[in-house]
Amino acid sequence: MRILELKKQVEDIFAQLEDHIDRLRSMGLFCKEGCFDCCMGKGVEATTLEFLPMAVFLFNSGELLSWEKKARKADPEAPCVILRPESDNPCSLYEKRGLVCRLFGFSFLIGKDGRPQLWACGYLKDRFRLVPKGVRENLFSPVVTHYSLRLIGVDPELGSKYYPINTAIHKALQMVGFFLSLKKAS
Ligand code: SF4
Ligand code: SF4
């Protein structure tokens with residue numbers, strides 16, 4: 001399986017999304033300091049594909065097995081296994097987080113009226129209302145469904161099946177562990 005190629009394509013999508021997010025941040029859209037409430041949410045779903053970069057990173061750093069064990073034991077419906085609420089750095093793998101983690105708060109859903117609506121918590125929605133109307137309305141908006149479709153474009157199977165986030169992370173770790181170990185051994 002072309003794990004490294006898929007990982008690179010997902011990283012390219014993330015890089016473009018981060019550019020859009022930077023534009024929103026430059027308008028003052030920042031998370032509440034120290035907040036990780038959305039990571040605590042139950043029922044967050046994600047694809048295996050979006051966690052391949054994280055899994056490859058953990059394989060290369062020699063931490064994949066320990067994280068695979070944690071993810072395997074985690075309740076699929078529980079908050080994200082990566083989260084360490086007691087730590088100063090609650091998402092210890094923030095740079096490698098998945099698409100859903102990047103989109104929430106900094107992307108848009110298209111409303112029934114055809115207008116983009118920020119997909120975010122109340123705190124960020126309030127901050128967004130402070131952005132001048134003219135700027136808000138002419139914004140180039142990262143749309144959730146566009147990014148979801150781009151994942152499907154990278155791999156129709158791995159990018160389209162949604163699982164509870166802990167299951168998606170576990171599947172990505174298992175897959176990368178299996179294929180990269182085989183590659184290393186050959
Ligand atoms: S998106 Fe909202 S809930 Fe999530 S970390 Fe940012 S401020 Fe907190
Ligand atoms: S990977 Fe990080 S940002 Fe995403 S839900 Fe888990 S703790 Fe939160």
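Start by selecting helices α3 and α8: α3 passes α8 in a left-handed crossing, where left-handed means that the near helix is turned anticlockwise from the far one by less than a right angle. Helices here are DSSP runs (H or I) of at least four residues, strands are E runs of at least two, and both are numbered from the N terminus.

Before moving on, note that this is a predicted model, in which local features need pLDDT of at least 70, side-chain atom pairs count only at pLDDT 80 or more, and totals for chains, interfaces and linings use all residues. Residues are numbered from 1 along each chain as its sequence is written, while chains are lettered from A and ligands numbered from 1 in the order in which they are written.

Now colour residues 64-73 (α3) and 165-185 (α8), which pack at an angle of about 145° with axes 9 Å apart. On the α3 side, pick Leu64, Trp67, Glu68, Ala71 and Arg72; their partners on α8 include Ile169, His170 and Leu173. Contact means C-beta atoms, placed from the backbone, within 7 Å.

Next, show ligand 2. Around this ligand you will find Cys39, Cys80, Ile82, Leu83, Cys91, Tyr94, Arg97, Gly98, Cys101 and Ile165, each with its C-beta atom, placed from the backbone, within 6 Å.

Finally, zoom out to the whole protein, which has 8 helices and 4 strands. Their order along the sequence is α-β-α-α-α-β-β-α-α-α-β-α. The C-alpha atoms fill a box of roughly 60 × 35 × 25 Å along the principal axes.

How values were computed. Axes fitted to C-alpha atoms, helices over the stretch in contact; angles between N-to-C directions. Contact = placed C-beta atoms within 7 Å.
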